[in-house]
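Have a look and see what you make of them.

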Amino acid sequence: MKNVKFIFVALFILLVMPIYTYAETYITNINGIEISQEEYDNFLKVKPYEYIMTMTEENYNKLKSLDYSNVMSNTKYIETVYNAKLKLTTEKEITEEAFESNVMPILDTDSTSFETIHKSISLTVAGGSYWNYVTFSSRWKGIPSVRSFDVIGIRVDGGDIRNGSQQGKQIYSENGEFTFIDYAWNGTNIKRFNFNGFGISMNVVNNADLDSLVMTIDCDVTPTKNYTYIYGAYEHAVTNVSLEESQNYTMSLGGLGSIFDYPFETSQKYDGMSGIHLYYD
């Protein structure tokens with residue numbers, strides 16, 4: 001009888017007590033794509049937050065397919081100071097703390113016209129069995145005063161880029177609302193160099209009240225030698241540049257950011273910011 005009473009009490013407790021089950025947390029981006037917490041943490045290893053919040057179903061499926069146990073990354077935080085009077089840009093590498101503490105660009109209104117802006121650049125490789133996913137991103141901390149055709153690119157030494165895998169996004173937000181511009185592998189804004197490099201000219205949006213601004217590109221790379229060097233560079237136009245001018249470059253180690261080799265008169269229209277690179281064998 002005691003056993004019967006015990007079973008009855010146990011059943012009663014199970015019936016009246018609320019049932020708690022583990023529910024996985026999901027994030028939903030602006031395209032309605034649900035991203036689990038585990039996916040979100042992995043995606044952040046290769047792409048900035050802004051990309052995750054604006055990615056398409058195709059982008060999502062690509063990121064899901066990556067091996068996150070084999071990721072290499074290099075990030076730099078750069079302060080550039082442009083003197084419009086002298087048409088001279090200087091730069092220095094800063095800490096992540098200094099980058100994050102900066103809120104807005106500083107633009108003098110006096111005759112010297114200095115503009116100080118912080119940018120971060122990040123180059124990442126996610127290894128694969130044959131094709132390796134390569135992505136390069138630049139984030140502005142503050143918004144530039146000059147909005148023209150900036151260039152962002154990847155160059156590979158000792159490897160081939162899979163043609164058709166090259167793509168890019170310009171992502172910006174206003175009042176917390178994200179908007180993005182896609183750049184296709186065969187669009188008018190891209191310039192491809194056989195299998196070892198490409199650049200995309202991105203016309204910086206001219207909206208007045210931007211909260212954030214991110215440029216990002218990616219492609220698939222496979223090694224062709226015992227070593228592979230991958231370079232990423234982002235060059236900001238400090239004066240107005242046409243699309244044609246922005247694409248008037250070849251690619252070489254001696255170019256801007258170790259990528260963009262412009263004629264002298266065109267190179268002077270860009271800030272000449274140093275690039276970044278990764279090596280793997």
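1. Accessibility words first: buried means under 20% relative accessible area, exposed over 50%, and partly exposed in between (1.4 Å probe, protein chains only). Keep in mind that this is a predicted model, where local features need pLDDT of at least 70, side-chain atom pairs count only at pLDDT 80 or more, and totals for chains, interfaces and linings use all residues. Residues are numbered from 1 along each chain as its sequence is written, and side-chain values use heavy atoms, with hydrogens and water left out.

2. A salt bridge here is a side-chain nitrogen of Lys or Arg within 4 Å of a carboxyl oxygen of Asp or Glu. Searching the whole structure turns up 9 salt bridges. One of them pairs Glu79 with Lys92, with the closest N and O atoms 3.9 Å apart. Glu79 sits in strand 3 (residues 71-83) and Lys92 in strand 4 (residues 88-94), so the pair ties together parts 13 residues apart in sequence. Strands (E, at least two residues) and helices (H or I, at least four) are DSSP runs, numbered from the N terminus. Glu79 counts as buried at 17% relative accessibility, while Lys92 is partly exposed at 48%.

3. Next, Lys119 and Asp271 meet in a salt bridge at 3.3 Å, N to O. Lys119 belongs to strand 6 (residues 114-126) and Asp271 to the loop between helix 7 (264-267) and strand 18 (276-280), so this pair ties together parts 152 residues apart in sequence. Both Lys119 and Asp271 are buried.

4. Then check Asp182 and Lys169, a salt bridge whose closest N and O atoms are 2.7 Å apart. Asp182 is partly exposed at 44%, whereas Lys169 is buried at 2%.
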